[in-house]
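Let's read a structure together, one feature at a time. Bring your questions, and we will look for the answers in the model.

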Amino acid sequence: MIREEFANFLTRLKTTKEAGQDLDAIVKEHEHRNVYFYNDACIKKILASEKNISLTTDLINAALNLIGADRVMHPKLENPFIPGNLGYRGAEPDLLLTNDRGDMAPRDRISIEVQHDADTIYKNRVVLYVSRIISNMVKKNEPPILENLNLISFQFTNAYPWSVSRNYRHSVQLRDQEHLLYFDKQTVTLIEVDKFLKHPEEFCDDRSRLAQWLRAIDALNREADFSEFAADPVFKALQNEVKLCNFSSRYLMTEDMKSIDNAMYEFRGRERIAKNMLLDGDSVEKIARITEIPLYWVLDLKKSMELEKA
């Protein structure tokens, strides 16, 4: 199912539950369908599962463009999916893995995130995720010897507008004003899924493993012809894992109804108001006063909207 179909399906589950009717019958009716892979609950169950670690490993190496001896070989799940233990979403990674390279080499910490909504606060959240993971690397009163950190963000909003960059994969590291690399143990990899899918003609010759993953996931979400990928054992396994029959009604319902950072949603509502006021030509000072969003934030929002328009 595409995102909208899956949202409608979850809404039907919620309505069925409120009516006191049989949830399992609804899931049974759709068991042959595919879930929406990029849904937080779905990607967590699929990629944070010990039995699917080969899938997760392949996706990580594709996203980070790692080949040969540099590949992640045997990652360990730090926050695995545990049936019945659903938890709550906060300012923590969707998936977190470690990878021991041995030979006194720094260990890898790898986080995977998905972001659908276009909001300026997400960049702050990414930096917050990075800082929290880094802060957990060093114990109190010990020297700050850090491990390698890779945060992978699959985004449906462009970090860089099409007019600015036609790359859909961006590797962000600490560099100076001459673009010289200062620190190589901290990398944020941004994958602009929407940019890749909306410009197939631009990337038709891209046969990278990441491009194959994005096309395979898109085919599964759209429930389109999958024959192009069926011979690949990784994608064949992925095809089996996205079937709705693998997801209990209880898991889907709890994930749909759980408490999700109310402050974030409230802020997004005020940000939408700010965007509409900017489109109407209101001053940034007025917008900041009415929405109670900091002035510097409104200025950043205005700048990003101008770049998107360019």
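**Reading the features**

Q: Which residue forms a salt bridge with R109, and how far apart are the closest N and O atoms?
A: E147 forms a salt bridge with R109, and their closest N and O atoms are 2.6 Å apart. Please keep in mind that this is a predicted model. As for the general idea, side chains of opposite charge can pair when their charged atoms come close.

Q: Where do E147 and R109 lie?
A: E147 sits in the loop between α5 and β4, while R109 belongs to strand β3, so the pair ties together parts that are 38 residues apart in sequence.

Q: Is E147 buried or exposed?
A: Buried means under 20% relative accessible area. E147 has 17% relative accessibility, so E147 counts as buried.

Q: How many salt bridges does the count come to?
A: The count comes to 16 salt bridges. One of them joins E241 and K51, with the closest N and O atoms 2.6 Å apart. E241 lies in helix α8 and K51 in the loop between α3 and α4, so this pair ties together parts that are 190 residues apart in sequence. E241 is buried, with a relative accessible area of 13%, whereas K51 is exposed, at 60%.

Q: What about D282 and K286?
A: D282 forms a salt bridge with K286, and here the closest N and O atoms are 3.4 Å apart. D282 is partly exposed, with a relative accessible area of 23%, and K286 is also partly exposed, at 32%.

Q: Which residues are linked in a network of salt bridges?
A: Have a look at E5, R33 and E223, which are linked in such a network.

Q: Let's turn to a helix. How many residues does α12 have, and how far does α12 reach?
A: Helix α12 runs over residues 295-309, which gives 15 residues. From the first C-alpha to the last, α12 reaches 21 Å, close to the 21 Å expected at 1.5 Å a residue.

Q: Which residues of α12 are buried?
A: Here is the general idea: an α-helix has 3.6 residues a turn, so residues three or four places apart point the same way. In α12, the buried residues are W297, V298 and L301. They cover an arc of only 100° around the axis, which puts them on the same side of α12. On the other side of the helix, Y296 and K303 are exposed.

Q: Which residues have the most contacts inside the largest nonpolar core?
A: That core has 61 residues, and F9, Y38, F154 and L238 have the most contacts inside it. Helix α7 (residues 209-222) supplies the largest share of this core, 8 residues. Leaving aside neighbours within four places in sequence, L238 is in contact with residues including F37, W213 and L220.

Q: How can I read a strand such as β2? Is L97 buried or exposed?
A: Try the residues one by one. L97 lies in strand β2 and is buried, with a relative accessible area of 0%. Although 17 residues separate L97 from P80 in sequence, their C-alpha atoms are 8.8 Å apart in space. N99 is in strand β2 as well, and N99 is buried at 2%. A polar atom of the N99 side chain lies 3.3 Å from the backbone nitrogen of H74. Beyond its neighbours within four places in sequence, N99 is in contact with several residues, among them V72, P75 and D108.

Conventions:
Residues are numbered from 1 along each chain as its sequence is written. This is a predicted model: local features need pLDDT of at least 70, side-chain atom pairs count only at pLDDT 80 or more; totals for chains, interfaces and linings use all residues. Side-chain values use heavy atoms; hydrogens and water are left out. Helices (H or I, at least four residues) and strands (E, at least two) are DSSP runs, numbered from the N terminus. The expected span of a helix is 1.5 Å times one less than its number of residues. Buried means under 20% relative accessible area, exposed over 50%, partly exposed in between (1.4 Å probe, protein chains only). The arc is that of the directions from the helix axis to the C-beta atoms. A nonpolar core is a set of buried Ala, Val, Leu, Ile, Met, Phe, Trp, Tyr and Cys residues joined through side-chain atoms within 4.5 Å. Contact means heavy atoms within 4.5 Å. A polar contact is a pair of N or O atoms within 3.5 Å; within protein, one must be able to donate a hydrogen and the other to accept it, and residues adjacent in sequence count only if both atoms are side-chain atoms. A salt bridge is a side-chain nitrogen of Lys or Arg within 4 Å of a carboxyl oxygen of Asp or Glu.
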